[in-house]
Amino acid sequence: MSGLVPFWFIVIAFFWTGFFILEGFDFGVGMLHDLVGTDDASRRAAINTIGPLWDGNEVWLIVAGASMFAAFPGWYATMFSALNLALVLLLVALIARGLAFEYRGKRDTAHWRRTWDVSLTVGSLLAPFLIGVALGDLLHGLPINSSQNYTGSFWDLLQPYGIFTGITLVLLCALHGATFLELKTTGDMRERAARLARLVAPFTAAAVIELLAVLAVLAAVWLVYEPHRHGFAFAATTVTIASCIVAIFVGLYPNVMVSTTSAANNLTASNTASPGYPLKVMTVVAIVLLPVVLAYQTWTYYVFRRRISTREFEPAAEPPEAAAAAEVPATGDATAS
């Protein structure tokens, strides 16, 4: 069992990292789609770059939470009770995003689509901010007593390091999304995405403090200013966001939650872990199923690898015959008169 505890901590860190790599550019596209798109056709094109991917990417968040519940129930119980209201807000943000994807095109009215555009933008910004605050709080510490119970309030979650982490992740997702849009779009839309990437990149670089992430984000800043380096720029933002999440978990271990009340009250991987048998069963399941899931998701990205053009979503031109027929006055009524 002693070997399975750190193994499952690494697995959970892997799930959280995978979530932010994949859902990070989803969040970024959601934040930026209204800026990249100058009309409804281009906004639809931006959304459709992630249309086949976003729901599969969100599964990583569910798997990360479920793994925490199964492998470290003590950690899950304290963390989710401490973050209760914040998690409700996170669910609202994620639900708002999902509804925007599904319902935006159900009515062909400007007000309807504008409402869902705002919902998508706000939800995509709020979700990484709240998760970032939560991850920052784990590392900085929260008031926890000797019974592993959270003793603070909602406002205790909004401490400076947590807010800084949330803002950093929002900026990372925005840059990640901008480079993804560069990679997945064409023409003027790709140029607008490139301009947004160049605008966001310096602020993102200023917010990142981990060494590997700093090197990666500096590479991303350089690459977004270079023409025809879209793939490399996206790879650099991928490394940046992965480095930040990994750094949080590396800095946290062997703790899983730090207590500001007393260091003796810290929740550790050992004192919050499940017994040996459940960990063994979970390990077998993970070894068998995780490669299958990774292979399926890789195949999905391969299938939907093509670039998206605004022209695909512009209204179809009226056939010349139909236009000419519409201009010819009807003769039936004139004869009857």
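**Helix packing in a predicted model**

In helix 7, Phe164, Thr168, Leu171, Leu172, Ala174, Leu175, Ala178, Leu181 and Glu182 meet a set of residues in helix 8, namely Arg190, Ala193, Ala194, Leu196, Ala197, Val200, Ala201, Phe203, Thr204 and Ala207, where contact means heavy atoms within 4.5 Å. The model is predicted, so that local features need pLDDT of at least 70 and side-chain atom pairs count only at pLDDT 80 or more, while totals for chains, interfaces and linings use all residues. Residues are numbered from 1 along each chain as its sequence is written, and side-chain values use heavy atoms, with hydrogens and water left out.

Helix 7 and helix 8 (residues 187-207) pack at an angle of about 155°, and their axes are 8 Å apart; axes here are lines fitted to C-alpha atoms, for helices over the stretch in contact, and angles run from 0 to 180 degrees between N-to-C directions. That makes helix 7 roughly antiparallel to helix 8, given that angles under 35 degrees count as roughly parallel, over 145 as roughly antiparallel, 65 to 115 as roughly perpendicular and the rest as oblique. By class, this contact of helix 7 with helix 8 has 15 nonpolar, two polar and two charged residues, where Ala, Val, Leu, Ile, Met, Phe, Trp, Tyr, Cys and Pro count as nonpolar, Asp, Glu, Lys and Arg as charged, and the others, Gly among them, as polar.

Helix 7 (residues 160-184) also packs against helix 6, the two axes coming within 7 Å and crossing at roughly 140°. Helix 6 and helix 7 are therefore oblique to each other. The residues of helix 6 that make this contact include Leu125, Pro128, Phe129, Gly132 and Val133, and those of helix 7 include Tyr161, Gly162, Ile163, Thr165 and Gly166. By class, the contact of helix 6 with helix 7 has twelve nonpolar, six polar and one charged residues.

At 1.5 Å a residue, the 20 residues of helix 5 (residues 84-103) should span 28 Å, which agrees with the 28 Å between its end C-alpha atoms; the expected span is 1.5 Å times one less than the number of residues.

Gly74, found in helix 4 (residues 73-82), counts as buried at 17% relative accessibility. Not counting residues up to four places away in sequence, Gly74 touches Gln148, Leu267 and Thr272, and although Gly74 and Thr268 are 194 residues apart in sequence, they are 9.3 Å apart in space, C-alpha to C-alpha. Leu279, in helix 11 (residues 276-303), is buried with a relative accessible area of 1%.

Taken as a whole, the protein has 13 helices and two strands, which are DSSP runs numbered from the N terminus (helices H or I, at least four residues; strands E, at least two). Its C-alpha trace spans about 95 × 45 × 40 Å along the principal axes, and of its 337 residues, 50% count as buried. Among contacts between residues at least 6 apart in sequence, 79% join residues at least 24 apart.

How values were computed. Buried < 20%, exposed > 50% of the residue type's maximum accessible area, 1.4 Å probe, protein only.
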